[in-house]
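Here are my notes on this one, jotted down as I went through it. Have the viewer open while you read.

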Amino acid sequence: MNPRLPWGPMGRMAGRRALFAVPVLAAVTFGVFAVAAASPFDPVKAYAGTAGLTASQENLDQLRANLGVDQPLVSRWWNWLRSALGGDFGDSAVMRQPVADVIGERLGWSVLLAATAFAVAVLLGTGLGVLAARRPGRLLDRCASSAAYTLEAAPAFWLGLLAIWFFAVELGVLPAGGLTDAASDTVTFGQVAVHLVLPAAVLGISQLPWFFLYVRQGVADALGEDPVRGARARGLSERTVLLGHALRSGMLPMLTLIGSRVPELITGALLVETVFSWPGIAAATVQAATSVDFPLLAALTVLATVAVVLGNLLSDLLYALADPRVGFDG
Amino acid sequence: MAETALGHPLRTTRRIRVTVSAGIVAAVLLAVLLVPPLVQLDQQAVDLAARLRPPSWEHPFGTDDVGRDLLLRCVYGLRVSLLVGVVAGLTATVIGTAVGALAAAFGGWTDRVVMRLVDTFSSVPHLLLGIFIVAMFRPGVGPVIVSVALTHWLSTARIVRSEVLSLRSRPFIDAAISGGASRGRVVVRHLLPAVLPQAGLAAVLMVPHAMWHESALSFLGLGLPTHQASLGNLVQTARGSLLAGDWWPTLFPGLFLVIPTLALAGLAGAWRERINPRRRSELML
């Protein structure tokens with residue numbers, strides 16, 4: 001690989017993708033408003049809460065006008081989009097604060113959880129994948145592959161609950177949820193680290209099967225190819241052949257996965273953050289959904305879409321960097 | 001190659017796997033179809049004297065927090081989950097097949113617009129989109145089925161489209177067109193039958209996927225109402241007793257989800273090898 005990165009082509013590709021992302025995001029936000037308009041959900045009643053039951057029709061109509069609900073779908077969407085671009089996503093009813101503040105407070109915790117989980121999945125998946133591919137069909141390979149298929153089929157919330165039962169209830173070595181102990185009112189590094197172990201491990205393990213199976217397949221294929229045969233013929237050590245030759249070409253398909261696994265990571269986070277009461281945005285999404293908090297839910301749906309689009313761009317950039325045959329044209 | 005060197009044991013394990021998978025799928029179908037009409041036990045029967053009993057001969061899966069037999073609850077829960085999964089999976093497959101076939105058959109602008117739409121749809125994580133739809137339409141059987149079906153037709157549409165595109169250039173299609181067949185007739189009589197095996201495979205694989213989504217929604221409290229307890233609802237209600245150390249109400253409903261999924265995946269893998277023996281990928285569960 002070139003020591004100097006091809007910044008120009010990479011930047012042009014990112015710019016092109018950003019242009020493509022505009023219609024996608026416009027369509028997704030419009031879809032969100034269209035679904036809400038077609039549903040029995042009434043923003044006025046949601047906003048007024050229990051007071052709406054006793055309020056006069058006149059007050060409700062006034063509120064309807066203030067909230068802009070009496071306007072047609074397209075202009076409501078357009079107004080939301082304009083203020084969203086200015087950083088104003090409206091107010092969250094369930095969190096009792098502006099949506100932008102909710103996201104600002106919680107995004108960091110979600111990123112921390114997801115990044116740790118991702119690191120667990122990539123490292124464990126690569127390690128196990130190489131070991132399994134070295135001797136396909138042997139005991140280790142069979143055990144790891146069967147475990148991978150089973151984990152793939154197991155819902156993350158179920159794994160999380162079983163982990164809570166085993167590590168928090170039976171052994172009592174790790175906390176069952178939250179960010180800090182209930183007694184402490186300051187967030188310290190040690191507390192967060194201890195509380196991070198279980199959710200990050202469960203989220204990582206739920207992402208593990210894909211990485212494992214891809215690395216295993218990639219390395220096993222690469223072990224049968226000419227460069228590896230050549231390296232072996234030159235008398236290089238098995239370690240060098242495995243890590244220097246087979247793993248490097250076997251990792252290629254995995255690079256595309258790293259970015260394109262963002263949707264699965266978000267899906268897993270929705271479940272894991274809820275199970276472990278982790279104060280991230282995924283848990284907030286579920287709370288927003290249970291109490292039909294439209295402004296928060298809409299903003300978080302759009303945020304997730306942005307994350308997916310960015311992930312796809314990242315994986316294409318990585319793939320083009322690692323494999324010169326691909327190029328930055330996409 | 002490994003195939004010839006290890007040919008015999010590999011083929012044997014594969015046959016065992018298929019037999020076991022078929023047995024599990026048959027057992028599941030028999031259980032959910034026959035247990036409710038034949039077994040004269042009320043799954044809702046509350047027995048407060050037998051609260052949270054661990055697994056025993058009398059209650060193989062133990063009892064839940066109001067003394068209901070968990071084995072019976074799991075069978076009924078599987079029945080609800082399977083029903084939702086089959087209906088949602090079939091709906092998704094029909095939508096996906098129709099969209100994919102039409103996009104490929106018409107080509108040009110239609111194809112481009114439809115596939116852009118598919119791309120847009122897939123950039124919202126499925127579970128999140130499902131949560132959004134259910135939240136807006138209030139939890140219930142209908143919204144859950146709609147939300148699972150609406151988020152799962154995308155991959156089928158892509159598969160069917162590429163299958164139809166590769167079929168379109170085959171001689172028998174040319175023959176039909178030069179024989180004067182209309183576009184609609186070509187789609188219905190020649191293209192659809194040829195893609196049915198692929199679509200059927202997608203449908204079978206869709207069912208566990210749909211069940212998974214329904215369970216996740218139910219677990220989050222956004223799925224089925226509690227009187228129609230699915231496997232996800234069972235896990236959700238078990239959360240309270242889990243913290244007291246009672247693991248069985250959580251473990252067994254999850255196993256009822258995992259084991260049939262693995263069995264179906266095993267069968268679908270064997271089927272895929274049959275209809276396309278050259279592509280023996282282990283990566284697609």
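1. Start with the contacts in chain A. Of those with a separation of 6 or more, 72% are between residues 24 or more positions apart. Keep in mind that this is a predicted model.

2. On the overall build: chain A comes to 15 helices and two strands, and its C-alpha trace spans about 85 × 55 × 35 Å along the principal axes. Buried residues account for 44% of the 330 residues in chain A. The chain exposes about 16,300 Å², with 64% of that supplied by carbon and sulfur atoms.

3. Now charges. Chain A carries 22 positive and 23 negative side chains, and the centres of the two sets are 14 Å apart. Over all chains, the whole structure has eight salt bridges.

4. Have a look at A:Arg216 and A:Asp141, which form a salt bridge with the closest N and O atoms 2.6 Å apart. This pair links distant parts of the chain: A:Arg216 sits in helix H9 (residues 189–223) and A:Asp141 in helix H7 (residues 139–153), 75 residues apart. Both A:Arg216 and A:Asp141 are buried.

5. A:Arg232 and A:Glu238 also meet in a salt bridge, at 3.0 Å from N to O. Here A:Arg232 is partly exposed, at 38% relative accessible area, and A:Glu238 is partly exposed too, at 36%.

6. Then there's the salt bridge of A:Arg261 with A:Glu264, where the closest N and O atoms are 3.9 Å apart; the cut-off is 4 Å. A:Arg261 is buried, at 6% relative accessible area, whereas A:Glu264 is partly exposed, at 33%.

7. Over in chain B, salt bridges link B:Arg116, B:Asp119 and B:Arg158 in a network.

Conventions. Residues are numbered from 1 along each chain as its sequence is written. Chains are lettered from A and ligands numbered from 1 in the order in which they are written. This is a predicted model: local features need pLDDT of at least 70, side-chain atom pairs count only at pLDDT 80 or more; totals for chains, interfaces and linings use all residues. Side-chain values use heavy atoms; hydrogens and water are left out. Helices (H or I, at least four residues) and strands (E, at least two) are DSSP runs, numbered from the N terminus. Buried means under 20% relative accessible area, exposed over 50%, partly exposed in between (1.4 Å probe, protein chains only). Contact means heavy atoms within 4.5 Å. Accessible areas come from the Shrake-Rupley method with a 1.4 Å probe; for residues, only the protein chains shown count as cover. Lys and Arg count as positive and Asp and Glu as negative; His and the chain ends are not counted. The place of a charge is taken as NZ of Lys, CZ of Arg, CG of Asp or CD of Glu. A salt bridge is a side-chain nitrogen of Lys or Arg within 4 Å of a carboxyl oxygen of Asp or Glu.
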